[in-house]
Amino acid sequence: MIPDHQALRGKDPRSASLVEVPATPAPSKDSSERLEWLFRESVRRQVIHPLLGRVRAYRAGDAT
Amino acid sequence: MSEMDAKTMVARVRDLPALPQALTDLLVALQREDVAIDQLAIRISRDQALTAKALRLANCSFYGVAGRVNSIHDAINVLGIRSLTTALTAAAVAGSFKRPDCPGFDLDAYWRHSMACALCAQAVAQTVNLDPGLAFTAGLLHDIGRLALAAHFPAVVAPAFAYRAKLDIPMRDAERHVLGFDHTEVGALVAQHWHFAGTVVDAIRCHHEPLDSIKATLTDVVHVADNIVHALDLANVTDELVPPLSLEAWTRLALTESQCMRIFERTEVELDELCDALAL
């Protein structure tokens, strides 16, 4: 489930209602899912984060 | 307490840790042309605890002179006054706060992230021909407001940590929701209190939202460095989260892929040594 915290933006921050979000377990640091999970904020905003590809290439050691 | 604004917060922090006077003098002097370096070096040397820590740091390999710096005068001759200032600043700031007793705040993770950001900002600045010393300092201090809040107002800020964990959102959003302000405003006031350069204060205040600019700024450097070190997952935080990136700042810096690879590697390699030198 994607949290609706974007509703907080552009308003008096204390006026927004608290949105309950089911806890999603964090992948362990050596998990293959960890890197993409770190960028979950951008996924929720549906924007491409330019660093994701660069860090993925760096971790894979296949940067040119 | 929820009505407290950032300025009220800082006004109440009467016991805000003071940086050593010799370092404050140095920071002020570096903003002028007529710097009496020798006299400043003598004053710095009199603070033995600060000098010892700064020299240990100055001999880290990332300064490129491992084992060659034995005195403040050596440091000035070998490193230059601006690099020495970064070492002194790191040493002084690291020793300025007691360990906060604040649920949700992890001091070790805080320092690892701040040190990583300092190193990364320095590497980015060198790549884009901005002042690496200022970038190191701004990177080191970019989240100082978080430390100040956790150290001095743990009961006020603890609900923000809980809120952040509950919604899995960036800490800044949680602070704004719970407190009505965030760590960038507090951090900028702390940096002003410590007499850091205006560009450093601006970088701390705007590191989550760099202002429009025609060319790359120190704030852009710190913003992107902060993103990089979150993405490299260096702070040993389970629920690490990469914050939103300003595409304008990213575009202004225009880092190529190969430049990014070098910056990533350098940041990772230097981080453990820097943390060891500062006994963090």
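**View 1. The contacts of B:A121 in the predicted model.** Skip the neighbours within four places in sequence, and B:A121 is in contact with B:A135, B:F136, B:A138, B:G139, B:V221, B:V222 and B:A225. Two of these partners, B:V221 and B:V222, are valines. B:A121 also has a part in the largest nonpolar core: together with B:C120, B:A121 touches the most other members out of 101 residues.

**View 2. The largest nonpolar core, with B:C120 and B:A121 picked out.** This core counts 101 residues. Which helix gives the most to it? That's helix 7 of chain B (residues 107-127), which puts in eleven residues. And where does the core sit relative to the two domains? Domain 1 (19-96) and domain 2 (99-280) of chain B both supply residues, so the core lies between them.

**View 3. Domain 1 of chain B where it touches domain 2 of chain B.** Chain B splits into domain 1, covering 19-96, and domain 2, covering 99-280. Their C-alpha centres are 23 Å apart. The contact draws 20 residues from domain 1 of chain B and 17 residues from domain 2 of chain B. On the domain 1 side, the elements giving two or more residues are helix 2 (21-29), helix 4 and helix 6 (81-94) of chain B. Helix 6 of chain B has the largest share of that side, at nine residues. Sorted by class, the domain 1 side holds ten nonpolar, seven polar and three charged residues.

**View 4. B:T51 in helix 4 of chain B.** Helix 4 spans residues 48-58, and it's one of the helices that give two or more residues to the side of domain 1 of chain B touching domain 2 of chain B. Is B:T51 buried or exposed? B:T51 is buried, because 21 other C-beta atoms lie within 10 Å and the cut-off for buried is 20 or more. Not counting residues up to four places away in sequence, B:T51 touches B:I44, B:S45 and B:I72. For a sense of the fold around this spot, check B:A91: it sits 40 residues from B:T51 along the chain, with 8.5 Å between the two C-alpha atoms.

**View 5. Helix 13 of chain B and the helices around its buried residues.** Helix 13 runs over residues 198-205, and its buried residues are B:V200, B:V201, B:A203, B:I204 and B:R205. What do they pack against? Their partners are helix 8 (132-141), helix 9 (144-152), helix 12 (183-193) and helix 14 (218-231) of chain B.

Conventions
Residues are numbered from 1 along each chain as its sequence is written. Chains are lettered from A and ligands numbered from 1 in the order in which they are written. This is a predicted model: local features need pLDDT of at least 70, side-chain atom pairs count only at pLDDT 80 or more; totals for chains, interfaces and linings use all residues. Helices (H or I, at least four residues) and strands (E, at least two) are DSSP runs, numbered from the N terminus. A residue is buried if 20 or more other C-beta atoms lie within 10 Å of its own, exposed if 12 or fewer, and partly exposed in between; C-beta atoms are placed from the backbone. Two residues are in contact if their C-beta atoms, placed from the backbone, lie within 7 Å. Domain bounds come from an automatic or database domain assignment. Ala, Val, Leu, Ile, Met, Phe, Trp, Tyr, Cys and Pro count as nonpolar, Asp, Glu, Lys and Arg as charged, and the others, Gly among them, as polar. A nonpolar core is a set of buried Ala, Val, Leu, Ile, Met, Phe, Trp, Tyr and Cys residues joined through C-beta atoms within 7 Å.
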